[in-house]
Amino acid sequence: MSLRDALRIPESEITDEAVYRDRRRLLALLAATPALGLAGCAGAEPPPPSTARVAPAQARSGFRTDEALTRYEDITSYNNFYEFGTGKADPSRAAKTLRTAPWSVEVAGECAKPGRIALEDLLRGIASEERIYRLRCVEGWSMVIPWTGVPLAAVLRRFEPTAKAKYVAFTTLADREQMPGLRFRSIRWPYREGLRIDEAMHPLAFLATGLYGKALPQQNGAPLRLVVPWKYGFKSIKSIVQIRFVERMPSTAWNDLQPSEYGFFSNVNPAVDHPRWSQKTERRIAGTNRLLANRIETRPFNGYADQVAALYAGMDLRKWY
Ligand SMILES: Nc1nc2c(c(=O)[nH]1)N[C@H]1C(S)=C(S)[C@@H](COP(=O)(O)O)O[C@H]1N2
Ligand SMILES: [Mo]
């Protein structure tokens, strides 16, 4: 298996166990190899934030779906949370050690009101909502998840971002004592993600605190986790401890590791294949059980094109993948 194969293995017939062993072996290899120097987006001028506004009724039409929900058992036992191991079953077993209270978030950068804020205060006064969103993993499986939480924009506005805030960067907790996966340099810790400011302020961008009406389980990113339903799952960063408003496109964990495979934008796009596999279809994990997943066609922006396509008007989505 080549070095490239070390990075991700597509969802397929391979068992979780085999994926786990291969990843561990090959990620060790990767860690021992100098940077590949792949081009990615570095150096190119990133597109400015759009001024597109989505009408409230249009936005709300993306808040629910009639599609069959994924079972609670599957949402909470088939996870990606590398801080707790690279196997799909690892987080549900290992994340119980994550202490989710007390929890605070540091807010920094280009805003009038930076500081460290307790989670209760971060959420205070913002009405909790339920949103049923599709989540499409870049590996080729998808789920339909009933989240509870708050609009990201409502939280971000609290801190009064300045005109220089062109992007928002998010960071996950990185605590070796609580997170056994940090021993492996599968990615460069802490896990980091980012959005352009207009994406972050979009009504669909959501901060989840629960699912199926219950508190968010650790393996799903408790106590506070981003959900960006029109982007590949890895953009939905878990267990957030820092939010930074920045002027330049921030570095993100997967883009850092392999820029030719994982771009900054990472909008779900069946027309742009991952270099090692097609993105045209997905295995929908819903209803009865995970082993009876349906193969369905992947939709542009994960089916949220009506709500978000305007954000990318005039952008070449092959270049800005
Ligand atoms: N901190 C952190 N956030 C993360 C990940 C991770 O490994 N670490 N994995 C991402 C990936 S690849 C996906 S598909 C989703 C999975 O979310 P779920 O396990 O709640 O379904 O979480 C994302 N957020
Ligand atoms: Mo993913």
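Biologist: What makes you say that ligand 1 sits in the largest cavity?
Modeller: More than half of a molecule's atoms must lie within 2 Å of the cavity's grid points. Ligand 1 passes that rule, so it counts as sitting in the largest cavity. This is a predicted model: local features need pLDDT of at least 70, side-chain atom pairs need 80 or more, and totals for chains, interfaces and linings use all residues. Residues count from 1 along each chain as written, chains are lettered from A and ligands numbered from 1 in written order, and side-chain values use heavy atoms, without hydrogens and water.

Biologist: Why is this space called a cavity?
Modeller: On a 1 Å grid over the protein atoms alone, a 1.4 Å probe fits there but cannot get out. One cavity of 30 Å³ or more is counted. The largest cavity holds about 320 Å³. Its lining has 25 residues, with Asn80, Arg225, Gly233, Ser236 and Lys238 closest to the centre. A lining residue has an atom within 4 Å of a grid point.

Biologist: Which strand gives the most to the lining of the largest cavity?
Modeller: Strand S4, residues 141-151, gives four residues. The whole lining divides into 15 nonpolar, six polar and four charged residues.

Biologist: What makes Glu83 a polar contact of ligand 1?
Modeller: The pair must be N or O atoms within 3.5 Å. A polar side-chain atom of Glu83 lies 2.8 Å from a ligand nitrogen, so the pair qualifies. Thr172 qualifies too, with a side-chain N or O atom 2.9 Å from a nitrogen of ligand 1. For Asn220, a polar side-chain atom is 2.9 Å from a ligand oxygen. The protein covers 100% of the 530 Å² of accessible area that ligand 1 has on its own, by the Shrake-Rupley method with a 1.4 Å probe.

Biologist: How do you know that the bond from Ala101 to Pro102 is cis?
Modeller: Omega is near -5°. Pro102 lies in the loop between helix H4 (90-94) and strand S1 (104-109). Another cis bond joins Ala222 and Pro223, with omega about 0°. Pro223 is in the loop between strands S8 (214-215) and S9 (225-227).

Biologist: What is the phi of Glu160?
Modeller: Phi is near 50°, a positive value in a residue other than glycine. Glu160 lies in the loop between helix H6 (152-157) and strand S5 (167-172). Helices (H or I, at least four residues) and strands (E, at least two) are DSSP runs, numbered from the N terminus.

Definitions and conventions
A polar contact is a pair of N or O atoms within 3.5 Å; within protein, one must be able to donate a hydrogen and the other to accept it, and residues adjacent in sequence count only if both atoms are side-chain atoms. On a 1 Å grid over the protein atoms alone, a cavity is a set of points where a 1.4 Å probe fits but cannot get out, and a pocket is an open set with protein on both sides within 12 Å along at least five of seven lines; lining residues have an atom within 4 Å of a point. Grid points are joined across faces, edges and corners, and a volume is the space filled by probe spheres set on the points. Ala, Val, Leu, Ile, Met, Phe, Trp, Tyr, Cys and Pro count as nonpolar, Asp, Glu, Lys and Arg as charged, and the others, Gly among them, as polar.
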